[in-house]
Amino acid sequence: MTQNTPPSFLSRIAIAIGSFFAILGNGRLAADVTRVRAGEAFAADVAPQEVRVEVPVEKIVEVHVEVPVEKIVEKTVEKRVEVPVEKTIEVEKLVATDTAALQLLGLMQREARFVDFIQEDVAPYTDAEIGAAARVVHEGCRKVLREHFAIAPVRAEAEGSRITLQAGFDAAAVRLTGNVVGQAPFTGTLSHRGWQVTDVKLPQLTDIQAAFVLAQAEVEL
């Protein structure tokens, strides 16, 4: 028996949206879906016998089983860093490692399917299909940032306001654009407040090698 190749991530998004509206407008389809969710077997799963079943295209229901990523978190270690506004961020005992980057990618994949979205060739899809998938990715990435990072603006002033940078301002936190001539103090318009991390709460890994697996392969039996 030939087994159909499962559709891609973006295709599943499009199918889910189409099925939602189809169920709302078709009572018979809604009843079919209810029976499937209640555990009723498909015709192909019953003991071999010749049965002819008419299945309209709009009534095809795809059941997708999500296999959760193996939990590798045992405890959370908080590294609190005091970051005064307009001052250089002082980070003690915080070393950038490949493992931390892999952790972040893994969290983005688990919560937002980030790697699936970026690796997908979006050229064949419509703007509406891409927008629907991007909404899922955006919500998941936002959840990761909120749970594992404390983020605050670099400047407290409202964007569009006029500010003056005195001599000795932190050039790593503030970038000058436009006609930059002479020495500080500089007076200009704040076009972007900037962002800085004030707290990091990445989970402690018990198996560093496991961090290289961003998403487990899925085998449907």
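## Arg113 and the end of α3

Arg113 lies in the loop between α3 and α4. This is a predicted model, in which local features need pLDDT of at least 70 and side-chain atom pairs count only at pLDDT 80 or more, while totals for chains, interfaces and linings use all residues. Residues are numbered from 1 along each chain as its sequence is written, and side-chain values use heavy atoms, with hydrogens and water left out. Helices (H or I, at least four residues) and strands (E, at least two) are DSSP runs, numbered from the N terminus.

Arg113 follows α3 and has a positive phi. The angle is near 55°, in a residue other than glycine. Is Arg113 buried or exposed? With a relative accessibility of 17%, Arg113 counts as buried. Buried means under 20% relative accessible area, exposed over 50%, and partly exposed in between, with a 1.4 Å probe and protein chains only.

## Overall layout

The protein has 5 helices and 7 strands. Along the sequence they follow the pattern α-α-β-β-α-α-α-β-β-β-β-β. Of the 221 residues, 20% count as buried.

The protein exposes about 16900 Å², and carbon and sulfur atoms supply 55% of this area. Accessible areas come from the Shrake-Rupley method with a 1.4 Å probe; for residues, only the protein chains shown count as cover. Among contacts (heavy atoms within 4.5 Å) with a separation of 6 or more, 77% are between residues 24 or more positions apart.

## Helix α3

The 15 residues of α3 should span 21 Å at 1.5 Å a residue, and the end C-alpha atoms are 21 Å apart, which agrees. The expected span of a helix is 1.5 Å times one less than its number of residues. The buried residues of α3 are Thr99, Leu102, Gln103, Gly106, Leu107, Met108, Gln109 and Ala112. They pack against α4 (114-119), α5 and β7 (203-205).

Gln103 is found in this helix, which covers residues 98-112. The relative accessible area of Gln103 is 13%, so the residue is buried. Leaving aside neighbours within four places in sequence, Gln103 is in contact with Leu202, Pro203 and Leu205.

## Helix α5

Helix α5 has 22 residues and reaches 31 Å from its first C-alpha to its last, close to the 32 Å expected at 1.5 Å a residue. Which residues of α5 are buried? They are Ala132, Ala133, Val137, Gly140, Cys141, Val144 and His148. Seen down the axis of α5, these buried residues fall within an arc of 160°, so they line one face of the helix. The arc is that of the directions from the helix axis to the C-beta atoms. An α-helix has 3.6 residues a turn, so residues three or four places apart point the same way. On the face of α5 turned away from the buried side are the exposed residues Asp127, Ala128, Arg135 and Arg146.

Cys141 is in contact with Met108, Ala112 and Phe114, leaving aside neighbours within four places in sequence. His148 lies in α5 and counts as buried at 11% relative accessibility. Not counting residues up to four places away in sequence, His148 touches Leu107, Asp199, Val200, Lys201, Leu202 and Pro203.

## The largest nonpolar core

A nonpolar core is a set of buried Ala, Val, Leu, Ile, Met, Phe, Trp, Tyr and Cys residues joined through side-chain atoms within 4.5 Å. The largest one here has 16 residues, and those with the most contacts inside it are Leu10, Ile13, Phe117, Ala133, Val137, Cys141 and Leu202. Helices α1 (9-25), α3 and α5 (127-148) each supply at least two residues of this core. The most come from α5, which gives 5 residues. In soluble globular proteins, nonpolar side chains tend to be buried together.

The structure holds 1 aromatic pair. The rings of Phe169 and Phe186 have their centres 6.3 Å apart and their planes at 85°, so the pair is edge-to-face. Rings of Phe, Tyr and Trp (its six-membered ring) pair if their centres lie within 6.5 Å; planes under 30 degrees apart count as stacked, over 60 as edge-to-face and the rest as tilted. The pair links distant parts of the chain, 17 residues apart: Phe169 is in the loop between β4 (162-165) and β5 (186-189), and Phe186 is in strand β5. Phe169 counts as partly exposed at 25% relative accessibility, whereas Phe186 counts as buried at 18%.

Pro185 also has its place in the loop between β4 and β5. A cis peptide bond joins Ala184 and Pro185, with omega about 10°.
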